[in-house]
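This briefing covers the fold, the surface and a few individual residues of one protein chain.

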Amino acid sequence: MESADSRLNLLAREVVEPLGYELVGVELFQRGASGATLRVYIDREDGIGLDDCAAVSDQLSAVLDVEDPLQGRYDLEVSSPGLDRPLVFPEHFRRFEGSRAKVRLSEKLEGRRSLEGVLRGCEDGVVSLEADGRLWAIPVNRIEIARLVPVF
């Protein structure tokens, strides 16, 4: 997930967490001259429904109107993270230790840009991923996109 800037993450976290939800991530997509889309992923232990998304959207929209962090027109979308949940923050990698994940890197690490394996933790900004018969140490700041791999 290409994360939005830290100010947007902070604003979203300040709205989402007091409402009892976890901020999974924030994405900002530019759509050229027609504006942008700001997508906010939320979660909680018993899942997310349409009413949850609407409540967060209403509150966050009001804060964004006041703070005005984005130039021009944009659409706000609030969504559950889905089965292939994005992993954005270090605590996500710790929480889902033992789960399968797919990671795409911003630059090659030992000749690889993409890895899929089992999360083995995250300490001091380094994710441990068991893939291809070995343990990979991946700096969080080199991860472009990381998602859980759904198991059916």
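In the charge count used here, Lys and Arg are taken as positive and Asp and Glu as negative, while His and the chain ends are left out. On that basis the chain carries 19 positive and 28 negative side chains. The model is a predicted one.

**Fold and dimensions**

- Three helices and eight strands make up the secondary structure of the chain.
- Read from the N terminus, the order of elements is α-β-β-α-β-α-β-β-β-β-β.
- The radius of gyration of the chain is 16 Å, which agrees with the value near 15 Å that a compact globule of 152 residues would have.
- Along the principal axes, the C-alpha atoms occupy a box of roughly 50 × 35 × 30 Å.
- Of the contacts between residues at least 6 apart in sequence, 55% link residues that are at least 24 apart.

**Surface, burial and charge**

- Buried residues account for 39% of the 152 in the chain.

**Cysteines**

- A disulfide is a covalent bond joining the sulfur atoms of two cysteines.
- With a cut-off of 2.5 Å between cysteine sulfur atoms, the number of disulfides in the model is zero.
- Cys-53 counts as buried because its relative accessibility is 12%, and the limit for buried is under 20%.
- Cys-122 has a relative accessible area of 4%, so this residue is buried as well.

**Loop residues with positive phi**

- Glu-110 lies in the loop between strand S4 (100-109) and strand S5 (112-123).
- The phi angle of Glu-110 is near 50°, a positive value in a residue that is not glycine.
- Glu-110 is exposed, because its relative accessible area is 58% and exposed means over 50%.
- Asp-124 is placed in the loop between S5 and strand S6 (126-131).
- Asp-124, which is not a glycine either, has a positive phi of about 50°.
- The relative accessible area of Asp-124 is 79%, and therefore Asp-124 is exposed.

Terms used
Residues numbered from 1 in each chain as written. Predicted model: local features only at pLDDT ≥ 70, side-chain atom pairs only at ≥ 80, totals over all residues. Heavy atoms only, no water. Helix = DSSP H or I, 4+ residues; strand = E, 2+ residues; numbered from the N terminus. Rg over C-alpha atoms; globule rule 2.2 N^0.38 Å. Buried < 20%, exposed > 50% of the residue type's maximum accessible area, 1.4 Å probe, protein only. Contact = heavy atoms within 4.5 Å. Charge placed at Lys NZ, Arg CZ, Asp CG, Glu CD.
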